Amino acid sequence: MKHKRLSKLVVMLGLLVMSGCTTDVKDIDKINYASTIGVDYKDGKYHGYIQFNDFQSVAKTSDTQRSPSKIWVGEGVGDSFEESLFDLYRTSQERIYWGHVTAIVVSEGAFKQGIGNIYDSFVRYYEFRLTPWVYGTRESIKEILSTGGFFGQSPLSTILHEPTGIYSQTSFIKPIKLHRLIGQMNEDGFTSCIPTLAVNKKNWVEKKNKEPKLTIDGAIFLKREVYRSYIPIEELIGLRWIQSGSVRAGVSVPSKTEPSVEIVVDNPKTKLKMVKIDDRPQYNIDMKATGYVVSRTNNQLQGIQQLTQKSTESIEKEIRKSFMAGMKRNTDIYNLEHNLFRYHYQDWKAITTTEGMLLNENAIRDVHIDLNIEHTSSGKNSTIHRSE
């Protein structure tokens with residue numbers, strides 16, 4: 001009897017397991033995995049975009065004759081961001097899974113309309129994670145999501161999904177994730193910086209055919225979810241010296257138009273120090289970094305003291321130039337107000353128009369740069385002679 005009861009119990013458990021598998025679990029090839037979400041606002045409507053990738057090209061195989069990656073980009077339209085995604089559900093053929101989204105691209109028009117009702121959807125739906133990279137753009141989102149990487153790879157191997165690779169080689173505008181952006185937008189006096197994507201159709205060719213590739217062409221700035229400005233990357237060259245987390249940056253000495261030496265600066269560390277002049281807050285900037293010479297076009301600036309002086313002068317010019325670019329657009333790109341709020345709260349509280357008082361030509365008082373140029377990067381005689 002005991003053996004019969006045990007057998008019946010095993011059979012019943014087996015039936016339960018089998019029924020669970022057939023009803024609750026779907027095969028992975030029966031699900032569409034979204035990798036990127038795009039949001040645009042134009043003509044009074046929200047346009048939602050979804051990017052699918054061919055995972056056969058992503059997976060590593062022993063077959064050396066790999067076919068080029070396939071990319072699918074869908075576009076839906078609605079009166080709200082959610083409606084635009086539901087419009088895409090109707091033609092998605094299979095269930096869409098959102099847990100693998102690693103990038104979000106928002107148009108300038110959508111930023112101007114307001115990002116609050118967009119990220120609210122990500123926060124509420126359980127499948128969405130708060131770790132995707134966030135980008136802005138002034139170009140076609142459909143074209144950006146359709147641009148692949150090198151060697152027939154998918155967009156998963158591009159700036160869109162892996163921005164830290166190129167940032168470690170040339171730090172211009174720091175990439176930002178969604179959870180970090182949401183936190184910044186809830187901070188008093190904080191101006192968020194979101195890198196903007198564009199499609200470069202000039203730099204690369206394959207068999208004499210133009211190969212479009214993604215690039216960072218500037219940044220969109222928000223304050224408390226409100227759009228402030230777009231600034232092109234050429235005018236943001238000084239931002240890399242102020243933003244925390246910069247890894248590596250190059251500077252032409254004595255100037256970009258007439259370079260004599262190219263210096264690479266590693267891990268710059270910058271501090272903002274507030275000083276009061278006539279009861280008005282101003283800031284001194286202290287920066288400390290190491291550097292080395294990577295190229296020389298002529299025999300000028302051979303002495304270490306002169307080379308260091310000219311290098312620090314070039315960096316200071318970049319810092320002041322970018323601050324002025326932000327000031328003209330009423331944008332606090334260096335977050336002077338947030339520094340005042342965090343470290344000098346009583347001064348911040350006493351000023352009713354803090355941002356207006358900080359965004360003026362005298363806001364940055366002194367810039368002190370402690371730059372240690374260690375070597376010339378050459379295999380022979382790599383140490384710079386310290387005497388003039």
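## Aromatic pairs

Searching the whole structure turns up 14 aromatic pairs, where rings of Phe, Tyr and Trp (its six-membered ring) pair if their centres lie within 6.5 Å. Take Phe122 and Phe128: their ring centres are 4.8 Å apart and their planes meet at 70°, so this pair is edge-to-face (planes over 60 degrees apart; under 30 is stacked, and the rest are tilted). Both Phe122 and Phe128 are buried, meaning under 20% relative accessible area with a 1.4 Å probe, protein chains only (over 50% is exposed, in between partly exposed).

Ring pairs also tie Phe122 and Phe128 into a cluster with Phe81, Phe86, Tyr89, Trp98, Tyr125 and Tyr126.

This is a predicted model, so local features need pLDDT of at least 70 and side-chain atom pairs pLDDT 80 or more, while totals for chains, interfaces and linings use all residues. Residues are numbered from 1 along each chain as its sequence is written, and side-chain values use heavy atoms, leaving out hydrogens and water.

## Charges over rings

Lys177 has its charged end over the ring of Trp133, 4.8 Å from the ring centre. Lys213 does likewise with Phe150, at 4.8 Å from the centre. To count, NZ of Lys or CZ of Arg must be within 6 Å of the ring centre and within 35 degrees of the ring normal.

## Around Ser322

Ser322 belongs to helix α10, residues 304-328 (a DSSP run of H or I, at least four residues, numbered from the N terminus). With 0% relative accessibility, Ser322 counts as buried.

Its side chain reaches the backbone nitrogen of Gly238 at 2.7 Å. Beyond neighbours within four places in sequence, Ser322 is in contact (heavy atoms within 4.5 Å) with residues including Glu235, Gly238, Ile333 and Tyr334.

Terms used:
Helix = DSSP H or I, 4+ residues; strand = E, 2+ residues; numbered from the N terminus. Polar contact = N/O pair within 3.5 Å; in protein donor to acceptor, adjacent residues only side chain to side chain.
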